[in-house]
There are 2 protein chains.
Amino acid sequence: MKINSNFNNLQESYLFFNIAKKTKEFIEKNPAAPIIRMGIGDVTLPLPAACVNAMEKASVEMGVKETFKGYGEYEGFAFLRQAISDYYKEYNVIVGIDEIFISDGAKSDLGNILDIFDDDNIVMVPDPVYPVYVDTNIMAGRKVIFSDANESNGFTPAPDKSVKADIIYICSPNNPTGAAYDKAGLKAWVDYANEQGAVILFDAAYEAFISDKEIPHSIFEIEGAKTCAIEFCSFSKTAGFTGTRCGYTVVPKELVREGRKLGDLWLRRQSTKYNGTPYIIQRGAEAVFTSEGRQQIKENIDYYKQNCVILSEVFAEKGIKFFGGKNSPYIWLKCPGGMKSWEFFDFFISKCNIVGTPGSGFGNNGEGYFRLTGFGSRENTLIAADRIKKTL
Amino acid sequence: MKINSNFNNLQESYLFFNIAKKTKEFIEKNPAAPIIRMGIGDVTLPLPAACVNAMEKASVEMGVKETFKGYGEYEGFAFLRQAISDYYKEYNVIVGIDEIFISDGAKSDLGNILDIFDDDNIVMVPDPVYPVYVDTNIMAGRKVIFSDANESNGFTPAPDKSVKADIIYICSPNNPTGAAYDKAGLKAWVDYANEQGAVILFDAAYEAFISDKEIPHSIFEIEGAKTCAIEFCSFSKTAGFTGTRCGYTVVPKELVREGRKLGDLWLRRQSTKYNGTPYIIQRGAEAVFTSEGRQQIKENIDYYKQNCVILSEVFAEKGIKFFGGKNSPYIWLKCPGGMKSWEFFDFFISKCNIVGTPGSGFGNNGEGYFRLTGFGSRENTLIAADRIKKTL
């Protein structure tokens, strides 16, 4: 038996694994250090009551013969797909429930969607970026090229028509930089993809954090996107579902390549390698869209955004350059004193006892930058801000 | 963008999709027909109370800051892996919790595990078999060869040393035939795999239905299996989790190919393309192993087994040859009168108003056979038995 030799081309360790390891080592040497973790982009507020109530109710239903649910539809229950379709209408986007596919999270879908693409497509990924875009393609042996995201383009690179790409990743609002494309910026990518016959994989996991009215929440707000884009969304950051696991992917009917609807290929992939998202979890996700749920998730998102404001203010006051934090839960700061990312990690954990994410873990262009999240508790965020103010 | 052209080599429709379609057509023509569905292998009894209570409690925990869970470990929570490790001890199998990987179901893992194998391995699949073994490999362009399961070998084919295979699927107790390997039968495959350097993918989804003491529940009961086998298990049939979604995969530390532990490759795959199984669901699965849960799932499994006894008795009485139904929830019958599988489907739905699964949908050797399940209600099973008695 031959193993997939592409695994040998993966970098040995995952970014967050290294952060956990280095943090553990620091704590072992400094057991009394009051560590504040702002490294992994995980939420800290509990689930909204609307979701909890819905899942309790669904659990009870599963124990009663008349309301028990066995295998569901591979693409998810219609009640949840309808709620999502209705949500899209708020942004004047019309998406049919047969274009929506429920899953256990955007990360799974972003990896698994690659099954429908040939291995010899050229993949274009922004640098810096969420590491799994690159790793999932390396696993399949695809060629990965990068578009430079940097300060000069506000971390929102534009397409270069002289460069050929088949599969294009866009994450907006961006993880890790917090940058978000405006409509003109996305339109340029949509036009490029349609001209090249490319497909855009649009990661909208952070859309609920958008504050600016001119920033699109969905790529399907852009004319022409339905013939070139697949959108990936998640309840993880929108509603605190990081441990509850639900997401959804939109594949428009108009998206056709080589005479085949990509939605049909995706359904074939899912029906063969996936058996649907738990009924209980789908009921919890449905509750996100109720008026009670909407109010509760807004309160949570506002809480995290206020954390970003607190951090932004202290960095502004200290004259430390930073990006994001407005349409995104991430603050992307330029390491002070010209430090490299891991150098700043060590400096920051020892001086401030704060764990963050080295920007270099997201790509070459991330070197010299550092990611912090607004997902902590208010208390910890205020303490962190105070330490930064006094120490940096 | 080029699509994965292997998708063009997949058979157009999925077996169960066709059954649903033909059943729908029959009902449209015969709206009054009292259809009994014994086609898809889905459970009908509600979840055990132990699982429901655990999931209700876990849902409440998710709404409280102190007990809320965000991202879990990719391989699953230790509490569940420990419960599974303890369960294995009942069969004198020692499996460490770091060899157990929790997922959303055996089907997902059986498909996704293929990511760690090179595409040019030769895959050996029994015929007839659960269709996704073949489809998932066709999607990757792998060569699939078949081992003949038939009446002469009791639907448990033995290895042929003159045939080279790299990846070998074994499903025991078998879907669809209900046949189960004894220890000697499995030992032959383990020896073959170790000699060839092959890997066995052992699907143990139906182990909880084993009645005979000499039938192994795990391939790891066989000496030498830890250097050649990966085992896939599921709560779907054991505890009625078809709509609740939880399974687990065991990759022994001793399983090494080309100097790499396959467990490390699998964890790398999962950490890159999966984000863990919902906390709530893992708590529900943990409850399966409590004494209360064990008692409740036993009652459910005994109920389904009794359905198989009822069906077996009527087929024996009618002189219709059948297999399985003892260590498995499936009865595999030889279509009477030399009918072909789909011919019998049409005959059976029109004469008895019972929907079953045509054996030909599981492979060439399934032609002329038909699968029925014991997963129906007692009431429907008794009505079905009565109709068969009077009509066939």
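# A guided tour of chains A and B

Start by selecting chain A: a compact globule of 392 residues would have a radius of gyration near 21 Å, and chain A has 21 Å, which agrees. (The radius of gyration is taken over C-alpha atoms, and the globule rule is 2.2 Å times the number of residues to the power 0.38.) What you see is a predicted model, where local features need pLDDT of at least 70 and side-chain atom pairs count only at pLDDT 80 or more, while totals for chains, interfaces and linings use all residues. Residues are numbered from 1 along each chain as its sequence is written, with chains lettered from A and ligands numbered from 1 in the order in which they are written.

**Stop 1: chain A as a whole**

Switch to a cartoon view. Chain A has twelve helices and 15 strands; helices (H or I, at least four residues) and strands (E, at least two) are DSSP runs, numbered from the N terminus. Along the principal axes, the C-alpha atoms of chain A fill a box of roughly 55 × 55 × 50 Å. Of the 392 residues in chain A, 57% are buried. Here, a residue is buried if 20 or more other C-beta atoms lie within 10 Å of its own, exposed if 12 or fewer, and partly exposed in between, with C-beta atoms placed from the backbone.

Now think about contacts: two residues are in contact if their C-beta atoms, placed from the backbone, lie within 7 Å. Among contacts in chain A between residues at least 6 apart in sequence, 72% join residues at least 24 apart.

**Stop 2: the two domains of chain A**

Colour residues 5-47 and 294-391 of chain A as domain 1, and residues 49-291 as domain 2. These bounds come from an automatic or database domain assignment. The centres of the two domains of chain A, taken over C-alpha atoms, are 25 Å apart.

Where they touch, 36 residues of domain 1 of chain A are in contact with 43 residues of domain 2 of chain A. On the domain 1 side, the elements giving two or more residues are α10 (291-318), β11 (322-324) and β12 (330-334) of chain A. Which of them gives the most to this side? Select α10(A), which gives seven residues. The residues on this side of domain 1 of chain A divide into 14 nonpolar, 17 polar and five charged. In this grouping, Ala, Val, Leu, Ile, Met, Phe, Trp, Tyr, Cys and Pro count as nonpolar, Asp, Glu, Lys and Arg as charged, and the others, Gly among them, as polar.

**Stop 3: helix α6 of chain A**

Zoom in on residues 183-196 of chain A. At 1.5 Å a residue, the 14 residues of α6(A) should span 20 Å, and its end C-alpha atoms are 20 Å apart, which agrees. (The expected span is 1.5 Å times one less than the number of residues.)

Show the side chains of Gly185(A), Leu186(A), Trp189(A), Val190(A), Tyr192(A) and Ala193(A), which are buried. They cover an arc of only 160 degrees around the axis, which puts them on the same side of α6(A); the arc is that of the directions from the helix axis to the C-beta atoms. Turn to the other side of α6(A) to find Ala184(A) and Glu195(A) exposed.

What do the buried residues of α6(A) pack against? Select β5 (167-171), β6 (199-203) and β7 (229-234) of chain A. Just after α6(A), Gly197(A) takes a positive phi of about 70 degrees.

**Stop 4: where chain A meets chain B**

Bring chain B into view. The contact takes 68 residues from chain A and 69 residues from chain B. On the chain A side, the elements giving two or more residues are α2 (49-62), α4 (106-112), α5 (132-139), α8 (262-273) and α9 (279-287) of chain A. Of these, α2(A) gives the most, with seven residues. The residues on the chain A side divide into 30 nonpolar, 20 polar and 18 charged.

**Stop 5: helix α9 of chain B**

Select residues 279-287 of chain B. This helix is mostly covered, with nine of its nine residues buried. Its cover includes α2 and α9 of chain A together with α2 (49-62), α3 (78-89), β2 (100-103) and α10 (291-318) of chain B.

Within α9(B), pick Arg283(B). Arg283(B) is buried, with 23 other C-beta atoms within 10 Å. Leaving aside neighbours within four places in sequence, Arg283(B) is in contact with Ala54(B), Met55(B) and Ala58(B).

**Stop 6: Cys246(B)**

Finish in the loop between α7 (236-239) and β8 (247-250) of chain B, where Cys246(B) lies. Cys246(B) counts as buried, with 28 C-beta neighbours inside 10 Å. Not counting residues up to four places away in sequence, Cys246(B) touches residues including Phe235(B), Thr277(B) and Ile281(B). Cys246(B) and Thr277(B) are 31 residues apart along the chain, and their C-alpha atoms are separated by 7.3 Å.
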